Amino acid sequence: MSENEYNVDMGLNMNLSMIDDMKGKALKGRKDYLFLINDSSSEIKQHYDPTFKPRIDIEKFKESQESKEKYFKKNNINYKLFIVPDKSVILRHLLPFETPEPIRILDELKDHLTVLDIIQNEEDFIKPDTHIDTLAGIKCVAQIFSVMYPEKTYEEHLDTIYSVIHFSKFTLTGNLLSNINWGYSKDDEYYKKYKYIDLEVPKLNTAIENLTDQLPEEFKFNHGRKTLYFRNENSITDKKAFICRTSSVNKMNIALISHYREIIFYWDHWLFNKDFYEWFKPDDAFDIYIERYLENPSCPIVSEDSDDVYIPIKVIFEYMQRVLYNEQNNKILFTKMRREAMKRFPPLSDDIIDSIVKQNLFDENFYRNNYTDIEKSETDPFKHFINYGYKEGRLTSDNEDINKKLNFIIRTHDESTSKRLAVKNKFMKESLNRFPPLSEEVIETIKSENLFDESFYLKRYPDIKKSNLDPFNHFIKQGYKAGRLPTANKEKNERVNKLIRNM
């Protein structure tokens with residue numbers, strides 16, 4: 001099918017199977033509405049393709065929500081999970097092909113979430129954008145408040161919001177016309193018509209204070225997404241709210257801010273930052289997600305007996321299969337991790353660098369041999385460590401006492417560095433704790449079915465060979481946690497993954 005056959009009023013000339021051939025393009029529907037198909041959650045296929053298998057583990061999700069609900073109840077925080085319906089569900093009549101009744105993951109989760117079903121028609125969505133309109137955002141907030149505070153009706157909450165806001169014009173380019181989603185020529189008539197659209201956007205009648213810069217460093221970003229923190233002295237209530245959000249909440253921000261004295265907007269990516277909640281101490285906490293994101297949540301389990309938050313091992317291994325076992329993705333992932341680390345850690349001071357040199361706390365040969373990327377790049381080992389390596393948790397010596405001493409110097413010399421290292425080390429420790437030890441049954445099966453190739457492991461991971469560690473023992477204790485492959489055989493690797501997931 002040629003590009004110009006994807007016309008806006010294409011009627012029923014298309015079917016669902018053609019979507020796979022359109023990756024990188026927006027889907028043109030009826031009445032000039034565009035739909036997203038260039039997404040990892042496969043929004044349209046998850047709703048209309050009966051062969052599509054979502055990655056969510058329904059029972060783990062329920063367990064996760066129950067653990068969060070218990071945590072919030074114990075801490076006297078009013079909590080709910082709200083879901084913004086997908087555009088392709090509400091506007092299914094505008095898709096360019098006939099559709100059956102949509103398959104909706106949320107139908108199995110009704111006891112653990114509230115659907116913002118006030119979103120019902122074409123006027124609630126922006127034609128060249130995946131998200132709801134700004135007026136629809138206000139309606140969503142009124143519904144949220146009617147659930148959280150049922151002593152007032154939806155209409156009363158809506159009237160209260162409208163009493164403290166006014167509107168101004170804002171020019172928007174819809175995200176479905178972005179380079180990553182559009183995919184057609186920019187000479188296309190649709191692109192020319194809808195590149196710039198005017199929206200009525202709400203503004204508060206009184207000024208608010210942006211406190212984002214006052215957040216502790218460890219909370220300012222999550223996976224590259226910036227956290228926002230506002231104070232509204234003229235708020236409808238004197239309460240504090242913590243909002244875990246996605247992009248659709250951008251259309252709700254002002255209405256939410258109008259209600260709260262202090263409010264935080266945080267991209268948590270289906271994780272759970274207990275430290276952040278305990279720092280902020282909110283009265284209300286909402287998760288507000290777009291429906292399509294239910295396809296692949298991380299399902300964190302909040303422990304009742306400790307400070308730990310666990311990710312179920314099945315979820316971790318499915319993620320590892322999809323991302324960590326992909327060589328290209330591995331490179332991308334490492335680059336992102338390095339950039340994130342660089343943001344979080346300040347440079348080492350001259351005093352610390354002098355201490356490292358004077359006290360012989362850096363072993364150049366160890367560093368070069370232990371980290372093969374340094375050896376191959378011919379980077380100066382010491383410069384790499386003081387600029388990047390300490391941020392990535394790299395060791396300077398095979399002597400444990402030296403590493404402890406250096407860690408102590410860095411921690412105690414600079415308070416902000418100490419806090420960042422504490423956060424990083426806690427995360428690394430929790431990451432390892434999320435993986436239970438392999439059972440004896442799994443270990444015996446790996447042995448009996450020859451699912452581990454020692455020669456491959458030593459060749460692929462030269463740090464094991466240089467350290468003289470037993471390859472098999474390393475894999476069953478540490479290697480599987482780090483996503484290392486036991487063999488070069490894909491089927492055997494999948495067999496090992498399945499054994500571990502099903503423990």
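Two strands are said to pair if DSSP finds at least two bridges between them.

Before I continue, a word on the source. This is a predicted model, in which local features need pLDDT of at least 70 and side-chain atom pairs count only at pLDDT 80 or more, while totals for chains, interfaces and linings use all residues. Residues are numbered from 1 along each chain as its sequence is written, and side-chain values use heavy atoms, with hydrogens and water left out.

Let me turn to the sheet. It is open and has 7 strands, in the order β4-β3-β13-β11-β12-β10-β7, with mixed pairing. At its edges stand β4 (114-115) and β7 (209-210), each pairing on one side only. Strand β3, residues 78-84, also pairs with β4, in the parallel sense over 2 bridges. Within these pairings, F82 stands opposite T114 in β4, and V84 stands opposite I290 in β13.

How many of the 7 residues of β3 are buried? Buried means under 20% relative accessible area, exposed over 50%, and partly exposed in between, with a 1.4 Å probe and protein chains only. The count for β3 is 5, so the strand is largely enclosed by the rest of the structure.

Next, the helices. Helix α2, residues 58-74, lies across β3 and β13 (284-290) and runs at about 145 degrees to β3. Helix α4, residues 134-148, packs on the sheet and touches β3, β4 and β13, its direction making about 145 degrees with that of β3. Contact here means heavy atoms within 4.5 Å; axes are lines fitted to C-alpha atoms, for helices over the stretch in contact, and angles run from 0 to 180 degrees between N-to-C directions.

In α4, 12 of the 15 residues are buried, so this helix is largely enclosed by the rest of the structure. Among the buried residues are I138, V141, A142 and F145.

Those four residues lead us to I161, in helix α5 (residues 154-162). Which residues does I161 touch, not counting residues up to four places away in sequence? They are I138, V141, A142, F145, A255 and S258. I161 and S258 are 97 residues apart in sequence, yet 6.9 Å apart in space, C-alpha to C-alpha. At 1% relative accessibility, I161 counts as buried.
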